[in-house]
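The exercises below are meant to be worked with the sequence and the model open side by side. Try each task before reading its solution.

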Amino acid sequence: ETGVTQTPRHLVMGMTNKKSLKCEQHLGHNAMYWYKQSAKKPLELMFVYNFKEQTENNSVPSRFSPECPNSSHLFLHLHTLQPEDSALYLCASSQVFLGGREVSPLHFGNGTRLTVT
Amino acid sequence: AQTVTQSQPEMSVQEAETVTLSCTYDTSESNYYLFWYKQPPSRQMILVIRQEAYKQQNATENRFSVNFQKAAKSFSLKISDSQLGDTAMYFCAFMKPGGYQKVTFGTGTKLQVIP
């Protein structure tokens with residue numbers, strides 16, 4: 001079992017559908033992230049939840065809606081997506097240390113390959 | 001804002017040989033962290049190696065080592081004794097400490113290890 005689990009692994013949806021991506025981390029971390037990975041582009045940070053509070057929203061369209069019910073679970077709710085939203089969506093977690101130099105790297109899941117038709 | 005540049009979209013290396021992947025970055029920060037992540041076909045991004053900017057000594061992890069040149073803002077990854085399992089996308093990443101991990105990634109280098 002990996003430290004960060006994402007479901008589903010693949011998702012095909014029409015532009016009028018509503019679906020959700022799920023992420024669960026078993027590492028005891030206090031921060032969770034959604035990244036979008038498109039071909040030949042750097043990973044794009046979409047959302048960050050730090051201590052269950054959303055601390056970052058990188059100008060993501062409202063058709064993407066995150067939810068973090070607790071520090072172990074993160075969802076990305078999708079509705080009325082566009083074909084250009086087709087990508088690999090990666091979830092990550094890390095431990096945030098308040099103050100000091102200690103740093104935890106990101107731990108990633110296997111991603112959800114999303115295709116919007 | 002930070003930028004990370006990987007100028008080699010694709011590379012190949014013979015099994016058991018050594019290969020170096022290049023990465024440059026731009027920042028005005030003096031304290032930061034650099035990482036190399038590997039993404040095999042399974043798609044999971046795996047941390048390969050990390051370097052703290054305040055440490056002069058280059059990090060090493062078994063067959064993986066880095067050449068960190070802070071003044072030149074260069075952070076290359078050397079893979080020795082390449083193995084078939086090293087075939088993957090490799091991403092260079094920059095991170096400022098403090099708060100949650102705000103990481104800037106490069107566009108990646110696709111490495112193919114040839115038997």
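**Exercise 1.** Determine which residues B:Thr3 is in contact with, leaving aside its neighbours within four places in sequence.

*Solution.* Taking contact as heavy atoms within 4.5 Å, and leaving aside neighbours within four places in sequence, one finds B:Thr24, B:Tyr25, B:Asp26 and B:Thr104 around B:Thr3. For one of these, B:Thr24, which is 21 residues away along the chain, the C-alpha atom is separated from that of B:Thr3 by 8.5 Å. B:Thr3 itself is found in strand 1 (residues 3-5) of chain B, where strands are DSSP runs of E with at least two residues, numbered from the N terminus. Its relative accessibility is 41%, so B:Thr3 counts as partly exposed (buried is under 20% relative accessible area, exposed over 50%, partly exposed in between, with a 1.4 Å probe and protein chains only).

This is a predicted model, in which local features need pLDDT of at least 70 and side-chain atom pairs count only at pLDDT 80 or more, while totals for chains, interfaces and linings use all residues. Residues are numbered from 1 along each chain as its sequence is written, chains are lettered from A and ligands numbered from 1 in the order in which they are written, and side-chain values use heavy atoms, with hydrogens and water left out.

**Exercise 2.** Work out how the rings of B:Phe68 and B:Phe75 are arranged.

*Solution.* Rings of Phe, Tyr and Trp (its six-membered ring) pair if their centres lie within 6.5 Å, and planes under 30 degrees apart count as stacked, over 60 as edge-to-face and the rest as tilted. Here the centres are 6.3 Å apart and the planes stand at 80°, so B:Phe68 and B:Phe75 form an edge-to-face pair. B:Phe68 is buried at 8% relative accessible area, and B:Phe75 is buried at 0%.

Key: Helix = DSSP H or I, 4+ residues; strand = E, 2+ residues; numbered from the N terminus.
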